[in-house]
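Let's take a friendly walk through this structure, with a few stops at helix packing and at some individual residues. Keep the viewer open as you read.

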Protein chains: 2
Amino acid sequence: MGIKLPKGFLANGIHCGLKKKRKDLSLFYSEKKCKCAALFTTNVVKAAPLILSEQVLKANDKNIRAIIVNSGNANCMTGKRGIRDAAKMVKSAALALSIPEDSVVVSSTGVIGKPMNMEPVVSGMTELVRGLSPNGLIPAAEGILTTDRFYKISTRVFPAGDKKVTMVGVAKGAGMIEPNMATMLCYIMTDAAISARALKKALQLANKDSFNSITVDGDMSTNDTVMVLANGEAGNQTINGAGKNYKAFQRNLEEVMLDLAKMIVRDGEGASKLVQVSIRGAKTALDARKAARSIADSLLTKCAISGGDPNWGRVASSVGSSGIKFDPDKIDVILDGVVFFSRGRAACPAAGKLKKVFKGKNVSIEVYLHRGDAEAVMYTCDISKKYITINSFYTT
Amino acid sequence: MGIKLPKGFLANGIHCGLKKKRKDLSLFYSEKKCKCAALFTTNVVKAAPLILSEQVLKANDKNIRAIIVNSGNANCMTGKRGIRDAAKMVKSAALALSIPEDSVVVSSTGVIGKPMNMEPVVSGMTELVRGLSPNGLIPAAEGILTTDRFYKISTRVFPAGDKKVTMVGVAKGAGMIEPNMATMLCYIMTDAAISARALKKALQLANKDSFNSITVDGDMSTNDTVMVLANGEAGNQTINGAGKNYKAFQRNLEEVMLDLAKMIVRDGEGASKLVQVSIRGAKTALDARKAARSIADSLLTKCAISGGDPNWGRVASSVGSSGIKFDPDKIDVILDGVVFFSRGRAACPAAGKLKKVFKGKNVSIEVYLHRGDAEAVMYTCDISKKYITINSFYTT
């Protein structure tokens with residue numbers, strides 16, 4: 001059973017032996033050639049599979065058939081051997097699937113700086129391919145996880161002309177998430193017919209307000225990847241970069257990606273709350289983003305939220321250190337809908353209201369700057385002792 | 001008993017009632033007029049006492065006699081009332097000391113966004129002044145603390161011509177320390193005779209490689225202040241901005257400030273290790289600083305150090321996300337003297353060596369970029385569960 005993949009897609013995930021017990025090898029496969037758009041980390045240190053996949057997509061982004069992904073090892077800082085290992089993964093998957101090597105892209109996630117153990121990957125490939133199924137989404141979503149507490153799946157069905165288009169996304173990510181896509185893998189499959197160019201444009205736009213608007217701990221990964229595969233099996237008229245059908249496609253893609261982004265934040269290592277930070281009335285969009293990010297990245301504020309402590313002074317201080325210009329005596333600070341500071345004065349909310357702030361699973365921080373009309377929203381999570389425990393003994 | 005202040009200086013610290021039990025009001029006093037140089041936070045949100053002290057020093061930086069400091073309340077985001085309260089603190093100290101109001105500067109540290117309770121401050125002033133003593137340094141150092149586990153004092157004695165100059169610095173700070181001087185107070189008293197201009201120059205230089213080279217949690221405070229008072233009582237020939245005596249003064253000031261900066265890092269909330277991050281072989285000094293800071297600010301690396309886990313991949317990843325250009329295949333990563341990565345290859349150190357990395361009280365991270373000759377050093381601490389505990393319930 002499980003969630004159905006879009007028409008013409010199959011998936012599977014198995015335990016091959018890179019990790020002790022959990023699934024660690026996943027495959028996403030299309031029976032027909034796909035248009036493929038992708039975004040990769042901006043970290044200067046790029047993992048080998050990213051370097052290889054970028055090359056494949058540069059030459060051949062209209063004929064992709066499969067994505068092979070392992071967890072347990074990031075295959076990063078592994079030098080020339082890393083590149084050879086990533087190529088071996090591609091070759092092994094292509095062979096087992098009887099498809100050309102240049103129709104396969106590859107991802108890895110896990111520990112940095114350790115050479116891959118390729119034996120389990122190669123020898124697990126036959127079992128992985130044999131198990132491919134239209135119902136294989138959940139095992140595939142499980143096979144890409146590292147410190148995640150749960151798999152992340154989001155789906156949308158929407159019309160394109162007289163046809164029905166399906167879109168299914170899976171993601172992994174818990175720690176080390178920040179804007180510019182840090183330690184996060186996301187694969188979206190759709191049966192929409194769409195041009196390679198329109199697909200690329202839609203992905204870039206959707207990314208801005210989804211994965212680039214979340215932060216867990218401010219660390220940026222070496223392996224982050226978002227990919228969309230579109231195989232055209234819905235039979236709709238090919239979507240180009242404008243018009244109603246393009247807009248619907250773009251909106252649904254953004255929704256799927258924002259769903260997944262929020263799940264990643266909610267799964268932040270040791271996190272218990274999803275925090276929405278909104279900046280309003282900024283002079284420019286960049287100012288709004290800088291201020292939102294400064295709040296969302298503040299360790300002290302994350303701690304305060306974890307403890308249910310409405311420390312609005314820290315919020316104001318974060319805006320102050322964000323590098324933007326504003327008048328501290330003219331701002332409003334609102335936590336969970338309760339005004340704490342308004343235009344130069346502490347609002348001293350009633351004790352009854354105070355008690356409810358930062359206590360729920362979803363909390364909000366809003367700052368009005370009264371400098372203009374620009375806005376920004378960022379999502380983050382609180383930080384608890386569990387985060388430290390998880391990350392203190394990761395490689396050992 | 002205790003540590004002697006420089007000639008002509010007196011100090012005291014008492015519990016006036018802003019905090020429940022610990023000392024919360026301190027006074028540093030000179031019998032003669034002082035030259036005074038100061039640096040304040042670059043946060044746009046500036047606490048009231050900083051705004052007031054900046055005004056005082058702008059008009060009168062050659063005639064300062066006293067610094068009055070409270071802990072327990074930062075008097076920040078307190079609007080016009082905050083400014084009035086800071087002025088009241090100055091007035092009350094000036095009155096009790098029988099000195100002009102414009103010879104007194106003021107600092108506050110503690111919770112942001114709560115109006116000051118001025119009653120205990122004003123009524124404690126007489127007792128505070130009455131207890132002033134050349135041996136009052138330790139109580140004064142205690143009165144400025146918030147979440148600190150210990151007071152911070154550093155002293156130097158050095159010759160200036162045929163005279164002996166004494167320099168004594170005290171500081172507070174534990175959480176929220178980052179470059180650009182975050183939540184940190186530091187007062188340095190010296191009996192050197194030095195021009196106001198030379199004092200300012202020396203302070204700015206010394207600050208760069210001391211307080212601006214430390215980071216605890218990346219948060220920047222609204223109240224940070226470094227001040228130097230020089231009363232000339234050593235009787236040396238007045239030091240100007242050049243020459244042997246100036247150099248000695250500058251070097252000793254930098255040493256005192258670096259001592260205090262390292263004590264602050266060591267006292268990082270919940271920290272157990274002092275971490276020295278060195279970048280060598282960078283193309284520019286700015287590149288070196290960016291890379292050092294990116295490593296020092298990485299929560300994941302701080303966690304790894306806390307757990308004694310030599311996760312060098314995270315270190316390399318932080319350099320990669322710092323925004324500087326380099327070739328990942330040409331760098332070396334060295335942790336506690338053990339080479340983990342050298343020019344594109346994992347070095348796989350012997351298990352015996354591995355066991356010792358990140359286990360001591362002082363740990364080091366070195367990265368060689370092989371791009372040029374520029375270097376930078378940053379100091380930070382590890383992060384433990386205790387940090388979260390301390391900061392989750394601060395205002396409540």
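How many other C-beta atoms lie within 10 Å of K32(A), and is K32(A) buried or partly exposed? The count is 13, and with that number K32(A) is partly exposed. A residue needs 20 or more such neighbours to be called buried, and 12 or fewer to be called exposed, so K32(A) falls in between.

## A strand residue in chain A

You will find K32(A) in strand β2 of chain A, which covers residues 25-40. Leaving aside residues up to four places away in sequence, K32(A) touches G8(A), N231(A), G232(A) and E233(A).

## Confidence and domains

Please keep in mind that this is a predicted model. Its scores are ipTM 0.78 and pTM 0.82. For chain A, the average pLDDT is 90, and 92% of the residues score at least 70. One stretch to treat with care is 176-182 of chain A, where pLDDT stays under 50. The model still gives that stretch 39 contacts beyond four places in sequence.

Chain A is divided into two parts: domain 1 spans 9-266 and domain 2 spans 274-392. Taken over C-alpha atoms, the centres of domain 1 of chain A and domain 2 of chain A are 33 Å apart.

## Helices α5 and α6

Let's begin the helix packing in chain A. Helix α5 (residues 196-208) of chain A crosses helix α6 (residues 243-266) of chain A at roughly 45 degrees, and their axes come within 9 Å. That angle makes α5(A) oblique to α6(A). The crossing of α5(A) past α6(A) is right-handed. On the α5(A) side the contact is made by A198(A), A202(A), L203(A), L205(A), A206(A) and N207(A), and on the α6(A) side by Y246(A), F249(A), Q250(A), L253(A), E254(A) and M257(A).

Now turn to chain B. There, helix α5 (residues 196-208) and helix α6 (residues 243-266) have axes that come within 9 Å and cross at roughly 45 degrees. This makes α5(B) oblique to α6(B), and α5(B) passes α6(B) in a right-handed crossing. Among the residues of α5(B) that take part in the contact are A198(B), A202(B) and L203(B), while those of α6(B) include Y246(B), F249(B) and M257(B).

What about helix α8 (residues 299-306) of chain B: how many of its residues are buried? Eight of the eight are, so the helix is largely enclosed by the rest of the structure. The buried residues include L299(B), K302(B), C303(B) and I305(B). After α8(B) comes G308(B), which has a positive phi near 65 degrees.

The partner to look at is helix α9 (residues 312-320) of chain B, which packs against α8(B) at an angle of about 160 degrees, with the axes 9 Å apart. The angle makes α8(B) roughly antiparallel to α9(B), and the crossing is left-handed. Here L300(B), T301(B) and A304(B) of α8(B) meet R314(B), V315(B) and S318(B) of α9(B).

Over in chain A, nine of the nine residues of helix α9 (residues 312-320) are buried, so this helix is largely enclosed by the rest of the structure. W312(A), R314(A) and G320(A) are among the buried residues. The cover over the buried residues of α9(A) includes α7 (285-296), α8 (299-306), β11 (332-335), β12 (338-342) and β14 of chain A, together with β4 (104-111) of chain B.

## Two positive phi values

If you like backbone torsions, F358(A) deserves a look: it is a residue other than glycine, yet its phi is positive, near 65 degrees. F358(A) sits in the loop between α10 (351-354) and β14 (362-368) of chain A. With 22 other C-beta atoms within 10 Å, F358(A) is buried.

The loop between β11 (332-335) and β12 (338-342) of chain B holds D336(B). Is D336(B) buried or partly exposed? D336(B) counts as partly exposed, with 18 C-beta neighbours inside 10 Å.

Methods
Residues are numbered from 1 along each chain as its sequence is written. Chains are lettered from A and ligands numbered from 1 in the order in which they are written. This is a predicted model: local features need pLDDT of at least 70, side-chain atom pairs count only at pLDDT 80 or more; totals for chains, interfaces and linings use all residues. Domain bounds come from an automatic or database domain assignment. pLDDT is the predictor's confidence in each residue, from 0 to 100. Two residues are in contact if their C-beta atoms, placed from the backbone, lie within 7 Å. Helices (H or I, at least four residues) and strands (E, at least two) are DSSP runs, numbered from the N terminus. Axes are lines fitted to C-alpha atoms, for helices over the stretch in contact, and angles run from 0 to 180 degrees between N-to-C directions. Angles under 35 degrees count as roughly parallel, over 145 as roughly antiparallel, 65 to 115 as roughly perpendicular and the rest as oblique. A crossing is left-handed if the near helix is turned anticlockwise from the far one by less than a right angle, and right-handed if clockwise.
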